[in-house]
Amino acid sequence: MPEPTPPDRERHLIRYSGRGGFSPGIADRATGSTVITEDGRELLDFTSGQMSAILGHGHPEIVATVREQVGRLDHLYSGMLSRPVLDLARRLAETLPAPLEKAMLLTTGAESNEAALRMAKLVTGRHEIVSFARSWHGMTGAAANATYVAGRTGYGPAAPGNFALPVPDRFRPDLVDADGELDWRRQLDLGFDLIDAQSVGSLAACLVEPILSSGGVVDLPPGYLAALRDKCHERGMLLIVDEAQTGLCRTGDWYAFQRDGVIPDILTLSKTLGAGLPLAAVLTSDAIEQEAHDRGFLFFTTHVNDPLPAAVGNTVLDVLIRDRLDERARELGDRLQGGLLELAERHKVIGDVRGRGLLVGLELVDGGSGDADALGAAVTRRCADLGLHMNIVQLPGMGGIFRIAPPLTASDAEIDRGVAILDEALTAETS
């Protein structure tokens, strides 16, 4: 049968989200944790936009910064420096442990991962890249080659030398110990045994998220990141940690890697750094930066180190520090997870609640229907009808996993209301 004619609102738009479509309604404005559509419907935003608006929508200090900075200095020749860029580079380094003290400001997470991978290849003189089998690092070049959760079919051959590492998923473990729990150490050993067997001796870097977000909100087990770092360094590889969604207080720490006492060789940031505006960063040590520079590192883009987004990044840091939003993320995360665990006691289709701070995953099981994907899609639609926008990983086999990430500025009442709406939606779709 021919494809149905797209609605008028989509007539001139290229659809870019795989087989999924656009959300219903047309957004008109947003404030705080609420998005309002043209027809006046209010949606509680439990995705922080595209996982980015950690200060909510229309934060008055962000608005003021944009208004002032756009009239003063917005865009420059990429080799020209400005005070907002110098300040943000210094201030980011001050939030991080030594030796992460050199920064490069870009626009998107994919772009920051491209720069990090390019730097790692140049510094090591190698080309092979390892990432998780359910990773998402972006849809451009090297980032897409290191992405396994989606987007690999139909685009021709990937670049040689990209290897997938098994995901240490404690809810659905593929290797277990005598107690039936995930044996992540044996899994990690086996993963690198297979990588070593395939490698041509040119392992450059491992690129990972400390919590796989699009891969199902899978939090790496305590100790895993340190063991992974050791595996990398034994082979002369660099460890690149992608904190696009976990960085800057969302997990209750300033950076998710801090829980494990592990310092990456290269750190990438995006999404949360701009609080909804296009701003990303790559941070590394003086030694790695010097080696890259000596070898002629080239990553010259139109908007590298632009002053307008850098000014916004400085304001984001101001608010995070002043309002202690790392502590607030922990408090709200406990409240959110507590509410979801209460729902799990009453809704047997909830198989797992996991995550850290305000990055929470809720996994549905099929409830006898045999199709968790379909159930997840139905609950998502019902939530939207009731006034809650929740981001679900609508990929084959993961459609029953909700990715919940409200703004760090959400109120207690908004967290409770979101949980109540989800309760109503689950009741409607499973009764």
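Colleague: Which residues in α10 meet α12?

Modeller: In this predicted model, Arg328, Leu332, Arg335, Leu336, Gly339, Leu340, Leu343 and Arg346 of α10 are in contact with Asp412, Ile415, Asp416, Val419, Leu422 and Asp423 of α12.

Colleague: And how do the residues of that contact divide by class?

Modeller: The contact of α10 with α12 is made up of seven nonpolar residues, one polar residue and six charged residues.

Colleague: At what angle do α10 and α12 pack?

Modeller: Helix α10, which covers residues 325–346, packs against α12 at an angle of about 20°, and the two axes are 10 Å apart. Angles under 35 degrees count as roughly parallel, so α10 is roughly parallel to α12, and α10 passes α12 in a right-handed crossing.

Colleague: OK, what about α11 and α12, how far apart are their axes?

Modeller: The axes of α11 (residues 372–386) and α12 (residues 412–430) are 9 Å apart, and the helices pack at an angle of about 130°, which makes α11 oblique to α12. The crossing in which α11 passes α12 is right-handed.

Colleague: Which residues in α11 meet α12 there?

Modeller: On the α11 side they are Leu375, Ala378, Val379, Arg382, Cys383 and Leu386, and the α12 residues they meet include Ile421, Leu422 and Ala425. By class, this contact of α11 with α12 has ten nonpolar, one polar and three charged residues.

Colleague: Switching to the sheet, what is the strand order?

Modeller: The order is β1-β2-β3-β15 in an open sheet of four strands with mixed pairing, and the edge strands, each pairing on one side only, are β1 (27–31) and β15 (388–389).

Colleague: How many bridges join β3 to β15?

Modeller: Two bridges join β3 (residues 42–45) to β15, and these strands run parallel, with Asp45 standing opposite His389 in β15.

Technical notes:
Residues numbered from 1 in each chain as written. Predicted model: local features only at pLDDT ≥ 70, side-chain atom pairs only at ≥ 80, totals over all residues. Heavy atoms only, no water. Axes fitted to C-alpha atoms, helices over the stretch in contact; angles between N-to-C directions. Parallel < 35°, antiparallel > 145°, perpendicular 65-115°, else oblique. Left-handed = near helix turned anticlockwise from the far one by under 90°. Contact = heavy atoms within 4.5 Å. Nonpolar A, V, L, I, M, F, W, Y, C, P; charged D, E, K, R; others polar. Pairing = 2+ DSSP bridges.
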